[in-house]
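The briefing below goes with the sequence and the 3D structure shown here.

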Amino acid sequence: MNENRTSEGSLLRAVRLGHPPASRRDTFPFSIPALKGLGEIAFPGPVTILAGENGSGKSTLLEALAIVANLPTVGGAEARLDDSLAGPRGLARAITPVWGRRTHRGFFLRAEDFFGFIRRLGVLQTEMEARLEEVDREYRGRSELARKLARGPAAGSLADMRSRYGDDLDANSHGESFLKLFRARFVPEGLYLLDEPEAALSPQSQLGFVSMMSDMVNEGGQFIVATHSPVLMAVPGATIYSFDSSPLQAVAYDALEGVELLKGFLQAPERYMRHIWRPRA
């Protein structure tokens, strides 16, 4: 089992939740059952897992943390400016962070933003390649120096993109693209808030990502991950919070309902399918 460092070594050690105005206690996001009555949520080690069903509030808390930490968002609007995050912004105003070491390194990443980011990279790459072809046509017959100077901005941007993300992220599998993106954007001692990263990852790629997380933790990184993945939840030493409890509480891996269900299913899938698969007679 990994010897995860204690909260004294964490970047974000905890968040304290203030009481909302009486007029807002029964409105979203303060009405989320898992968050009611909580005074503090601790992040005692470098990996914290937020588990729970859809709609349980784990993504809302993660979005509020991104706003509080003022982290950049990969592939989407900054959390503090995103029009869709009015609810999490209200929660963020009620949160006081407890920093071990204040950092602006790291990022916030949602699965849907990742897919959009990959598409935009592909569009940018196509546009820059078209610009280079256009310059070559425009400068045909002119000096090589003039052509190189004209190609400079687009060629430099394209080379930088390829250096960071590879030749063509869009041609890779989603899992390969995600791992390349994460490796390219990682900096030591950063705080990484990830919302359902498994959406882009096969089970094998999830194991590869856990290995990458281990390397990053050894370089001072801290992860808070909202996930349904039993693979990511199994990170040794991770603190797991269940949003299916009211209020929120730390739970053991084997006590998670989703883990128990998956174990039972894999042991005897036919037993489950007999009850849920009904072919037409």
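In this predicted model, strands β5 and β6 pair in the parallel sense over five bridges, and Leu 109 stands opposite Leu 194 in β6. On the pairing of β6 with β7, the sense is again parallel, over five bridges, with Leu 194 standing opposite Val 225 in β7.

**Strand β6 and the sheet**

- Five of the five residues of β6 are buried, so this strand is largely enclosed by the rest of the structure.
- Leu 191, Leu 193 and Asp 195 point one way from β6, whereas Tyr 192 and Leu 194 point the other way, and all are buried; in a regular strand the side chains alternate between the two faces of the sheet.
- The sheet itself is open and is formed by six strands in the order β5-β6-β7-β3-β8-β9, with mixed pairing.
- Its edge strands are β5 (106–110) and β9 (249–251), each of which pairs on one side only, and the twist from one strand to the next averages 20°.
- Strand β8 (residues 239–242) runs antiparallel to β9 and is joined to it by three bridges, with Tyr 241 standing opposite Ala 250 in β9.

**Helices on the sheet**

- Helix α1 packs on the sheet, where it touches β3 (47–51), β5, β6 and β7, and its direction makes about 150° with that of β6.
- Helix α6 (residues 203–217) also packs on the sheet, touching β3, β6 and β7, and the direction of α6 makes about 145° with that of β7.

**Nonpolar cores**

- The largest nonpolar core has 33 residues, and those with the most contacts inside it are Ile 41, Leu 193 and Ile 224.
- At least two residues of this core come from each of β1 (12–17), α1 (58–69), α2 (86–93), β6 (191–195) and β7, and α1 gives the most, with eight residues.
- Leaving aside residues up to four places away in sequence, Ile 224 touches Leu 12, Phe 43, Thr 48, Leu 50, Leu 62, Leu 65, Leu 191, Tyr 192, Leu 193 and Leu 194.
- Another core, of 30 residues, lies apart from the largest one, and among its members are Met 213, Met 216, Ala 238 and Leu 256.
- As general background, nonpolar side chains in soluble globular proteins tend to be buried together.

**Salt bridges**

- The count comes to nine salt bridges.
- Glu 63 and Arg 110 meet through their side chains in a salt bridge at 3.9 Å, N to O, and this pair links distant parts of the chain, since Glu 63 lies in helix α1 and Arg 110 in strand β5, 47 residues apart.
- Both partners lie below the 20% limit for a buried residue: Glu 63 counts as buried because its relative accessibility is 11%, and Arg 110 is buried with a relative accessible area of 5%.
- The side chains of Glu 189 and Arg 101 meet in a salt bridge at 3.7 Å, N to O; Glu 189 lies in the loop between α5 (174–185) and β6, and Arg 101 in the loop between β4 (95–99) and β5, so this pair ties together parts that are 88 residues apart in sequence.
- Glu 189 is partly exposed, with a relative accessible area of 41%, and Arg 101 counts as partly exposed at 31% relative accessibility.
- Asp 136 forms a salt bridge with Arg 147, in which the closest N and O atoms are 2.8 Å apart; because Asp 136 lies in helix α3 and Arg 147 in helix α4 (residues 144–165), the pair ties together parts that are eleven residues apart in sequence.
- Asp 136 is partly exposed, with a relative accessible area of 27%, and Arg 147 is partly exposed, with 21%.

**Confidence in the model**

- The protein chain has a mean pLDDT of 83, and 83% of its residues reach 70 or more.
- Confidence is lowest in helix α3 (residues 111–138), at a mean of 72, and highest in strand β7 (residues 222–226), at 97.
- Over residues 1–8 the pLDDT is below 50, and this stretch has 18 contacts in the model beyond near neighbours in sequence.

Notes:
Residues numbered from 1 in each chain as written. Predicted model: local features only at pLDDT ≥ 70, side-chain atom pairs only at ≥ 80, totals over all residues. Heavy atoms only, no water. pLDDT = per-residue confidence, 0-100. Helix = DSSP H or I, 4+ residues; strand = E, 2+ residues; numbered from the N terminus. Contact = heavy atoms within 4.5 Å. Core = buried A, V, L, I, M, F, W, Y, C linked by side-chain atoms within 4.5 Å. Buried < 20%, exposed > 50% of the residue type's maximum accessible area, 1.4 Å probe, protein only. Pairing = 2+ DSSP bridges. Axes fitted to C-alpha atoms, helices over the stretch in contact; angles between N-to-C directions. Salt bridge = Lys/Arg side-chain N within 4 Å of Asp/Glu carboxyl O.
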